[in-house]
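Biologist: Can you put the model up and take me through what the numbers say?

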Amino acid sequence: QVQLVESGGGLVQAGDSLRLSCATSGRTLSNYGLGWFRQAPEKEREFVAAIKWSGGSTYYRNSVKGRFTISRDNAKNTVYLQMNNLKPEDTAVYYCAAARDDGIFYVSYASGSRYNYWGQGTQVTVSS
């Protein structure tokens with residue numbers, strides 16, 4: 001089991017920044033990939049960013065490239081999502097998730113169904 005706890009959400013204005021944190025526990029993550037997803041009201045959950053714990057390869061959805069950065073702290077077993085230049089369309093509940101890396105994470109990271117563990121989510125609201 002992997003436990004995930006998100007934090008760092010809040011209400012900000014367009015153009016502001018936030019850093020989300022996802023604290024993990026329960027297992028070593030060397031064979032896992034970690035992802036951030038988001039879900040806005042009345043919309044489907046969508047992939048935001050992901051990182052392979054081993055090696056640190058990162059992946060992003062197009063609309064956040066250049067604005068969001070995913071990173072990890074091995075010592076703290078924590079994954080971060082630095083979000084800059086936030087836009088109202090970034091408003092959503094953001095979820096952290098963990099997936100066992102079975103060798104194909106690099107092609108399947110955007111699919112929510114491949115993640116085994118999920119956090120409870122943190123709300124991000126961006127006002128215009």
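What follows covers the sheet, the cores, the aromatic residues and a few single residues.

Biologist: What kind of model is this, and how are residues numbered?
Modeller: This is a predicted model, with residues numbered from 1 along each chain as its sequence is written. Local features need pLDDT of at least 70 and side-chain atom pairs count only at pLDDT 80 or more, while totals for chains, interfaces and linings use all residues; side-chain values use heavy atoms, with hydrogens and water left out.

Biologist: What is the strand order in the open sheet of four strands?
Modeller: The order is 1-3-8-7, with antiparallel pairing. Strands here are DSSP runs of E with at least two residues, helices are runs of H or I with at least four, and both are numbered from the N terminus. Two strands pair if DSSP finds at least two bridges between them.

Biologist: Which are the edge strands?
Modeller: Strand 1 (3-7) and strand 7, each of which pairs on one side only. From one strand to the next, the twist averages 15 degrees. For such angles, axes are lines fitted to C-alpha atoms, for helices over the stretch in contact, and the angle between N-to-C directions runs from 0 to 180 degrees.

Biologist: How many bridges join strand 3 to strand 8?
Modeller: Six, and the two run antiparallel. Arg19 has Gln82 in strand 8 as its bridge partner. Strand 1 pairs with strand 3 over five bridges, also in the antiparallel sense, and Gln3 stands opposite Ser25 in strand 3. Strand 7 and strand 8 have six bridges, again antiparallel, with Asp73 opposite Thr78 in strand 8.

Biologist: Is Thr78 buried or exposed?
Modeller: Thr78 counts as buried because its relative accessibility is 9%. Buried means under 20% relative accessible area, exposed over 50%, and partly exposed in between, using a 1.4 Å probe and protein chains only. A polar atom of the Thr78 side chain lies 2.9 Å from the backbone oxygen of Lys76.

Biologist: New topic. Which residues have the most contacts inside the largest nonpolar core?
Modeller: Leu34, Trp36, Leu81, Met83 and Tyr94, in a core of 30 residues. A nonpolar core is a set of buried Ala, Val, Leu, Ile, Met, Phe, Trp, Tyr and Cys residues joined through side-chain atoms within 4.5 Å.

Biologist: Which elements give two or more residues to it?
Modeller: Among them are strand 3 (18-25), strand 4 (32-39), strand 8 (78-83) and strand 9 (92-100). Strand 9 supplies the largest share of this core, four residues. There is also a second, separate core of eight residues, including Phe47, Ala50, Ala97 and Phe105.

Biologist: How many aromatic pairs does a search of the whole structure find?
Modeller: It finds 10. Rings of Phe, Tyr and Trp (its six-membered ring) pair if their centres lie within 6.5 Å; planes under 30 degrees apart count as stacked, over 60 as edge-to-face and the rest as tilted. Phe37 and Trp118 have ring centres 5.1 Å apart and planes at 55 degrees, so that pair is tilted. Phe37 is in strand 4 and Trp118 in strand 10 (residues 117-118), 81 residues apart, and the pair links distant parts of the chain.

Biologist: Where do those two stand on burial, buried or partly exposed?
Modeller: Phe37 is buried, with a relative accessible area of 1%, whereas Trp118 is partly exposed at 29%. Another pair is Tyr59 with Phe105: the ring centres are 6.2 Å apart and the planes at 70 degrees, so this one is edge-to-face. Tyr59 lies in strand 6 and Phe105 in helix 1 (residues 105-108), so the pair ties together parts 46 residues apart in sequence. Both Tyr59 and Phe105 are buried.

Biologist: Which residues form the aromatic cluster?
Modeller: Phe37, Phe47, Tyr59, Phe105, Tyr109, Tyr115 and Trp118 form one cluster.

Biologist: Which ring does the charged end of Arg45 sit over?
Modeller: The ring of Phe37, 5.8 Å from its centre. The charged end of Arg19 sits over the ring of Tyr80, at 4.2 Å from the centre. The criterion is NZ of Lys or CZ of Arg within 6 Å of the ring centre and within 35 degrees of the ring normal.

Biologist: Last one. Where does Lys65 lie?
Modeller: Lys65 is in the loop between strand 6 (58-60) and strand 7, and counts as partly exposed at 49% relative accessibility. Its side chain has a polar contact of 3.2 Å with the side chain of Asn62. A polar contact is a pair of N or O atoms within 3.5 Å; within protein, one must be able to donate a hydrogen and the other to accept it, and residues adjacent in sequence count only if both atoms are side-chain atoms.
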